[in-house]
Amino acid sequence: MRKIILLITCMFGISVFSQIKVLKNESLVEIGKDNSVGLYKKEDKFTINYQDLNTSNLNTIRSFSFQNLDGDVAGLYKLITDGFLTTPDENIILELPNDIIELHYEKNYGQPTVQFIQYINKNRKYVGKSQFLNQKQVEKIFGKMNGKSAMYDKASTINHNNGLKSGSNQASTAAPASNGSNKNKKPRK
């Protein structure tokens, strides 16, 4: 009798713990990466990961994310590359939903570079800094060299067609993205 009760108890215990659910695996797509800085896409959310040079532990990886509303990824790329052409006098400050990002431009060995400075959770006490990136590295991170930049250009077009009714907004945000990609094609040849 004890063996039967023990057997029923074991069977009941197994059935309770075997309720494993398989969740949908939402894939993270790499747009581009150079050294310790990379741009990734998950649905319509874009994330930039970087190795934090501001900490004593060089294994610290930080990230900041944003949605690609109104072509924000192409706009960020254009903002960064415009800073290479005419270096701004001060840091460019961007406010994201969770963080504040500063684009810090500096010349290294005569070449213009940019660095991401992240104020984590909009708190000036917690600061993360990426490595300095030159223009070729930025092009690689934003997928301009491997053709993956079309992934965020298409996503912004889909959002504009579904979300906006006025055609003037579509044209104004689509034009800089296409001009920026044409500029990048000329130097590669």
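## Salt bridges

Arginine 62 and aspartate 52 form a salt bridge, with their closest N and O atoms 2.8 Å apart. Arginine 62 sits in strand 4 (residues 61-67) and aspartate 52 in the loop between strand 3 (45-51) and strand 4, so the pair ties together parts 10 residues apart in sequence. Aspartate 52 is buried, at 0% relative accessible area. Arginine 62 is partly exposed, at 26%. The model is predicted. A search of the whole structure gives 5 salt bridges.

Another salt bridge joins the side chains of aspartate 34 and lysine 140 (3.6 Å, N to O). Aspartate 34 belongs to strand 1 (residues 29-34) and lysine 140 to helix 3 (residues 135-141), so this contact ties together parts 106 residues apart in sequence. Aspartate 34 is buried, with 10% relative accessible area. Lysine 140 is partly exposed, with 37%.

Strand 5 (residues 92-95) and strand 6 (residues 100-108) run antiparallel, joined by 4 bridges. A hairpin of 4 residues connects strand 5 to strand 6. Glutamate 95 has isoleucine 100 of strand 6 as its bridge partner. The side chain of glutamate 95 also meets that of lysine 122 in a salt bridge (2.7 Å, N to O). That pair links strand 5 to the loop between strand 7 and strand 8 (127-129), 27 residues apart. Glutamate 95 is exposed at 61% relative accessibility; lysine 122 is partly exposed at 35%.

Strand 6 pairs with strand 7 (residues 111-119) in the antiparallel sense, over 9 bridges. Asparagine 108 stands opposite glutamine 111. Their hairpin has 2 residues between the strands, and tyrosine 109 there takes a positive phi near 55 degrees.

## Nonpolar patch

Met1, Ile4, Ile5 and Ile8 make a nonpolar surface patch of about 470 Å². Isoleucine 4 lies in helix 1 (residues 2-17).

Terms used
Residues are numbered from 1 along each chain as its sequence is written. This is a predicted model: local features need pLDDT of at least 70, side-chain atom pairs count only at pLDDT 80 or more; totals for chains, interfaces and linings use all residues. Side-chain values use heavy atoms; hydrogens and water are left out. Patches are made of residues with over 30% relative accessible area and no salt bridge: like charges are joined within 9 Å, nonpolar side chains (Val, Leu, Ile, Met, Phe, Trp, Tyr) within 5 Å. Accessible areas come from the Shrake-Rupley method with a 1.4 Å probe; for residues, only the protein chains shown count as cover. A salt bridge is a side-chain nitrogen of Lys or Arg within 4 Å of a carboxyl oxygen of Asp or Glu. Two strands pair if DSSP finds at least two bridges between them. Buried means under 20% relative accessible area, exposed over 50%, partly exposed in between (1.4 Å probe, protein chains only).
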